[in-house]
Amino acid sequence: MSKPEQTKYVCIHGHFYQPPRENPWLEAIEREDSAAPYHDWNERIHFECYRANTAARLVDDRNRILTLRNNYELLSFNFGPTLFRWIEQYDPWVHRAIVDADRSSCERLDGHGNAMAQVYSHMIMPLANRRDKITQVAWGIRDFERRFGRRPEGMWLAETAVDRETLQVLAEAGIKFTVLSPFQAARWRFPEQGVSWQDVRGGKIPTGRPYRYDCGDGRAIALFFYDGEIARGVAYERVLEHSSKLVGKIDAAYERREALEGEAWLVHAATDGESYGHHFKFGDMALAAALRDIEAAPGTCIINYGAFLASFPARAEVEIIENTAWSCAHGLGRWTSDCGCHIGGEPGWNQKWRGPLRAAMNRLRDSLAAHYELEMARLCKDPWKERDEYIDVLLDPERLPEWVRGHCTRKEPGGAVRFLQLLEMERYAMLMFTSCGWFFDEISGLETVLVQSYAARAIQLARQTGAPPGIEDAFIRDLEHAPSNRPEYENGARVYLKKVKSEAVGKGRVAASYAIQSLGSATNGRVRLYAYDILPREQEDLGPNPAPCLFGHAAVRDRRTLEQEDYLYSAIHFGGLDFRCSVKPYAGPDEYASILKTLQGAVEDQDTVKMIRIMDEVFGNEAFSLHDVLRDMRSSIALEISRQTLATFTNMQRHLYTVYRPLMASLRQWDISIPEDLRGAVGRVLSDELKQLVREMLPHEPHCPTDECPWDATDFFYRAHLGRIHSLLENARAWSAPMHIEKVSAELGKALVEGMLALREDFTPGSAGRFMRLVRICIELGTRPEMWKLQTLFFEMVGSALARPALVEGIDGFREFVQELDRFLECRFFELLDQPSEAEAGLRAEQS
């Protein structure tokens, strides 16, 4: 890549990160109520930001979409590995769009991609020991290679926290550069010019060039210090209110450059990626418009750090201020002390808990490390090398059995399980240092409880592999010195006991959750419950009377460690949300037969008290209720029971509605308002009927003889159903009855997305007609579900069509379809069909 030196080079970097939110016993994120209406904060920010930036909207003055842009194609970025793993599982389309954007940038910039790697679990590196630093970097590199298919050039440090040893570890691993705050630079110079060191403390370093940092032993790493004015504008000065404000900040930064004559200058800023859509609504759109304008500006080149460094290697050298970060004005105080940095909290709160929590975690880490070395030495040659390579299993869990055979050299009984338990213990011993655990205001807060839960899981695995019982007692004693701002907790020890230990999950609780769920639905074969496999061995349904009861035997297998244990279970449903389940380790077929016979006798006697007494005698007094079922499963069971109960209630209301409908018509005729409670009942009945009508009109319903929608043969049924829907809505309006269409709207959205995917692959007039019938149902209901996804798929379809203009003109009805769908989706994509292709535009320009 060659550009004239007077070119204005621009690079905006987005650091996209969320702390790992998975329950450590389940490897899944449970519902986070504070993120409502979304399931959890990852999901909420995904919709507002991560996904939004893969197809940011550029709109006209009436907010109609002109085109879409994948911001990641022009934005330097890094994703936290644990977050990007979640995105891959939750929304593979977005994961693929981000990876494709990096590939596109590689093609544009001679192999230098926009994506940077990140230290794996967002650990504050200067506060870590060297061994953990090496693993964090190694895991970050391997994760990046697996996702982007190339070696990373740069690596993002959590909170840009830095010390000399961290930079040495990066350089030893082959990392070429990282990005720091200008306030982390101490002094710089041009060595070949004999210029003396210039002190630049206080953020005064010229930010437009890379600097060489000497790591010793012949190694060096390049450092970019971002422009603080631009970064501050994005974070605090609301420059994302309009793209012109961001462009203005960039232009101003270029005007104040301190470049030498002929020196290439990079205007760049590192920003919180969540600014673009989450912290600032429509920030993704402002960024897209700014990137468009910057890209179109004469003499300007949007570039990334790797490409700039390759074209203009570092000539200046720099020294850093060690033990500093971009988000704390007090060095690393935000993760070690009550430094004054906080995000709000309540009046009078402090963060005196940070230091004691850090000390407790450090002591626990060292105890776990000693246990790990001792136990792993019996199972492999190099325990710490095995930990560095364990990332390969995390990235490809299907390889686990094969990987263990090649790495666990001691082939003793149970050796493979213990080998994996120790590696999992160390994984959580690193996750418990995730930076967000100290970032916020209160030790009982969501993120701080999460890091304590990772510590609890590490302790549990240590105990399972033979660590002394005192390891947890010592940790709890240390937490007593971490004061809570909330009187109900008093200190970290009580937070740990109330909010962490009480939520710990053992295999017995998993077995009980499975048993209670099985009472409501039949299960056959292996069942996956989060990180566990349930392998049913045998099960007896003891009938509905005197209360529904199941008795069975199942194995619970942890897929992470291959540990497996068999359990007996007995579960009873007393009605409503009242469940009782007892479990115990399986002792053999004779015991199973004996317990079954005893329970069957109690059932024959129709004696519920006797059944409970037998369960207490056989299984012990400890029992699980619905409250003990894993959280999201508990909600599903409760909602299903509620749905069944309300269905009976709705049937009763439907009967009353049929009987008293003439009376309601008379009331309406005399302009007499229907009582509010009656309006609610009418709304439920009409909503239920509406839902059934719409479901009958969706493709792939059981009544369809094929996968085709039945409206293909004739419009009669379609028109009749649409007329009936119109009548229902009219009645609801006339009686002021509230309609509940959220669920049926979501089902329509799903059908529309599937239909658009099919049209994108093979557009035919028939399939377009069926799709538009669904659109007309939405118009009748006054709903526009899945708008973002439909607009994005529609844009892709039009884009594909533009690449084959002859095909567009040859398809009957294609232009009309685009024009009609434009109106529904609030787009202006039809205009793209009338724009000349690149070849035509080039020919016209040549002729003129």
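**A hairpin, a sheet and a pocket**

Author: Isoleucine 65 in β3 is the bridge partner of valine 59. Strands (E, at least two residues) and helices (H or I, at least four) are DSSP runs, numbered from the N terminus. The model is predicted, so local features need pLDDT of at least 70 and side-chain atom pairs count only at pLDDT 80 or more, whereas totals for chains, interfaces and linings use all residues. Residues are numbered from 1 along each chain as its sequence is written, and side-chain values use heavy atoms, with hydrogens and water left out.

Reader: In which sense do β2 and β3 pair, and over how many bridges?

Author: Strands of a sheet pair through backbone hydrogen bonds, in a parallel or an antiparallel manner. Two strands count as paired if DSSP finds at least two bridges between them. Here β2 and β3 (residues 65–69) pair in the antiparallel sense over four bridges. They form a hairpin with five residues between them, and asparagine 63 in the turn has a positive phi of about 60 degrees.

Reader: In what order do the strands of the open sheet stand?

Author: The five strands follow the order β15-β16-β17-β18-β19, with antiparallel pairing. β15 (527–529) and β19 (578–585) are at the edges with a single partner strand each, so one side of each lacks a neighbour in the sheet. Neighbouring strands of this sheet are turned by 35 degrees against each other on average, direction ignored. Axes are lines fitted to C-alpha atoms, for helices over the stretch in contact, and angles run from 0 to 180 degrees between N-to-C directions.

Reader: How many bridges join β18 to β19, and which helix lies across β16, β17, β18 and β19?

Author: Eight bridges join β18 (residues 564–575) to β19, and glycine 575 stands opposite aspartate 578 in β19. The helix is α20 (residues 589–604), running at about 150 degrees to β17; contact means heavy atoms within 4.5 Å.

Reader: What volume does the second largest pocket have, and how is volume defined?

Author: On a 1 Å grid over the protein atoms alone, a cavity is a set of points where a 1.4 Å probe fits but cannot get out, and a pocket is an open set with protein on both sides within 12 Å along at least five of seven lines; lining residues have an atom within 4 Å of a point. Grid points are joined across faces, edges and corners, and a volume is the space filled by probe spheres set on the points. The second largest pocket has a volume of about 1400 Å³. Its lining has 33 residues, with Arg57, Phe282, Asp284, Met285 and Trp788 nearest the centre.
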